[in-house]
Amino acid sequence: MAEITASSIDAVLRRQLDAINTSVESREVGIVSQVGDGIARIDGLKGAMAGELLEFVGEGNKLVYGLAQNLEEDEVGAVLLGDLTAIKENDQVRTTGRIVEVPSGKDFLGRVVNPLGEPIDGKGPIEAEGYRPVEFRAPGVVERQGVNEPVQTGILAIDSMIPIGRGQRELIIGDRQTGKTAIAIDTIINSKGKDLICIYVAIGQKASTVAGVVETLERFGAMEYTIVVSASASDTAPLQYIAPMAGVAMGEYFIYNGADGKPASKENPGRHVLCIYDDLSKQAVAYRQMSLTLRRPPGREAYPGDVFYLHSRLLERAVKLSEKNGSGSITALPVIETQAGDISAYIPTNVISITDGQIFLVSDLFFQGQRPAVSVGISVSRVGGDAQIKAMKQVAGSLRLDLAAYRELQAFAQFGSDLDKATQNQLNRGARMTELLKQGRYAPMPVEEQVAAIFSGNQGFLDDLPTETVVRFRTELLQYLRASKADLLKAIAEEKKLSDEIIESLKLAIASFKEMFSVDE
Amino acid sequence: MRTNSIQLRAKALVYAEVLLEACKVSDNVFAVAGEFDDLVKAVRGSLELRKALKDKTIPLEAKKALVTELFTGYAPELLATFNVMVEREDLGVLSRARETFNTLAEEALNAIFIEVTTAVSLDDELRQQIISKYSAQLGCGVLLREYVDPDLIGGIVLMAHGKRIDASVTSQLESARHVLSKASVM
């Protein structure tokens with residue numbers, strides 16, 4: 001830390017005093033004509049801009065901020081972002097000439113903040129390195145490049161069959177209690193040491209749930225590269241509405257600036273960010289509440305007409321920037337909660353159509369003990385394959401089709417007892433591969449271990465094992481490889497492909513482990 | 001979102017024009033403009049008053065008596081216009097009527113109405129200085145509506161047509177506080 005001297009204090013004071021603006025302040029003002037339900041109607045403010053930050057002067061000159069939403073002929077409809085009770089009719093409202101901005105920077109990592117960037121974890125103030133607008137136009141075509149780097153979730157079923165790339169938008173969708181948040185948290189935990197800044201945006205959740213997530217992340221040492229933005233169920237609808245946009249704005253600071261805080265470029269690369277919006281259904285509900293109280297006409301399911309645009313402009317901010325712009329990326333993992341598996345409801349269909357794929361979680365699978373309860377048949381990743389490492393492509397290339405064929409046969413086999421040998425083999429293999437994909441919470445697997453695990457299934461090492469021992473076999477095999485064949489795992493991780501030599505060594509290693517493996521515990 | 005804005009605008013214009021004609025006769029246009037502002041503020045600031053004036057179970061005579069009692073000393077033209085609004089359940093256009101009236105009144109008087117707030121009352125010299133400065137700048141007459149707010153400490157705040165020019169000591173101090181609160185020695 002630099003020494004504080006009298007001369008440095010003097011210099012700072014002079015600089016600050018010079019910065020004091022002694023000119024006359026000129027602003028447009030209006031008067032609150034109606035206030036209630038977090039909404040204020042303001043007479044005047046003819047020059048207000050859509051989305052402009054408004055300053056409400058409440059009792060005792062208390063400042064409360066609001067967001068201009070409805071610009072009408074003689075009045076403005078605004079949503080209040082602060083203390084609703086401090087504002088009453090006849091209070092003065094001023095325009096600020098700027099839109100809502102949130103602070104961001106390295107010091108935000110490891111902290112829990114509200115959607116305005118104010119700390120809510122009791123760890124003191126945060127010094128911002130910069131500010132980013134909450135509403136920001138997504139980069140255009142020329143500023144981007146195709147997705148070409150993977151985000152490793154550490155979840156076997158996802159990384160093998162539904163791979164996610166940096167800059168992709170992959171929806172996590174399912175009923176309540178199917179493990180949606182678990183996938184998000186596992187991905188954050190697995191991102192340790194992978195040059196990925198994670199932003200977890202909790203929207204409309206119980207504060208205790210958010211506290212639980214933070215505690216988990218701290219336990220696994222994941223908070224040091226994570227920012228948690230929380231607009232809990234007790235926060236106002238406008239705060240829940242801006243929360244995901246505030247989260248991505250904090251993330252944008254990292255992709256548009258290099259590690260030195262200067263603008264990103266080819267020489268000063270931007271960083272990689274993962275944004276999780278948990279969940280956008282609740283944001284849509286908050287936006288519906290705001291819109292109805294602003295008297296906007298309701299549409300399908302009483303959502304306003306622009307709810308699609310709300311989500312599309314948010315998710316369009318997920319990006320893989322071109323080399324010239326620093327190659328930074330924002331990967332978006334929006335979460336949508338369905339009701340009784342109904343994906344044809346308004347918000348799920350909207351977000352499915354916006355994203356580059358979806359991970360479907362199904363209650364039935366969850367209760368059958370298949371966890372993560374990913375329904376492989378209807379889950380898809382449209383661009384992630386380009387980012388998958390070659391080794392994974394080699395082992396998991398046909399896994400999805402094999403499992404689809406297995407499910408079809410399984411349904412068919414229920415009706416008949418006599419099956420030919422080939423069909424029986426296919427059923428056996430399918431059952432073991434399905435079992436192989438089971439994975440506990442907070443137990444992410446590095447990609448080289450995933451490759452080895454799937455390889456053992458593909459090569460038929462599991463075929464003669466009882467199904468219930470498959471997970472134990474995988475766990476012990478990986479322990480064996482880590483302990484005795486670390487070079488092999490390292491070679492897969494570094495070469496990123498399975499050369500003939502690696503394939504042979506892997507086969508030998510698995511075979512020698514299998515000889516030691518005891519079916520009975 | 002209102003869908004009948006043309007109708008509302010027309011109604012507001014009728015009320016404003018009738019009131020203006022009445023005020024011209026009694027030559028108190030500027031005074032009524034100020035009273036109209038106060039009346040709108042009072043109605044806007046009191047939920048009970050708005051409820052009472054809209055309550056269909058309260059007889060019209062009782063409402064008129066209430067208005068007369070609450071706004072004692074206000075110009076009779078203004079109160080008569082307001083009573084018609086209450087009778088015809090047109091309180092929704094009150095704010096718009098006030099704004100239209102202000103615009104028409106400024107045109108009729110060829111002057112701009114400026115609200116001036118100072119920490120102490122204006123003396124004649126300062127008042128004259130403000131009038132002559134803004135008359136020259138705006139190219140028309142200027143009529144001042146004066147308010148005193150000791151919280152300003154010093155300086156002046158001017159407001160006209162939704163624009164607020166703040167040259168008060170309080171705002172300068174607030175600006176200084178804002179800058180210094182972000183000061184860092186590092």
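Residues are numbered from 1 along each chain as its sequence is written, and chains are lettered from A in the order in which they are written. In this predicted model, local features need pLDDT of at least 70, side-chain atom pairs count only at pLDDT 80 or more, and totals for chains, interfaces and linings use all residues, while side-chain values use heavy atoms, with hydrogens and water left out.

Helix 15 of chain A spans residues 486–495; helices are DSSP runs of H or I with at least four residues, strands are runs of E with at least two, and both are numbered from the N terminus. Its buried residues (under 20% relative accessible area, 1.4 Å probe, protein chains only) are A:Leu488, A:Leu489, A:Ala491 and A:Ile492. These residues line one face of the helix, because they fall within an arc of 155 degrees when seen down its axis, the arc being that of the directions from the helix axis to the C-beta atoms. On the other side, A:Asp487, A:Lys490 and A:Glu494 are exposed (over 50%). The buried residues of helix 15 pack against helix 10 (390–396), helix 13 (447–458), helix 14 (470–484) and helix 16 (500–516) of chain A.

A:Leu506 lies in helix 16 and is buried, with a relative accessible area of 0%. Not counting residues up to four places away in sequence, A:Leu506 touches A:Ala452, A:Phe455, A:Leu488 and A:Ile492, contact meaning heavy atoms within 4.5 Å.

A:Asn114, in the loop between strand 8 (112–113) and strand 9 (130–133) of chain A, counts as buried at 12% relative accessibility.
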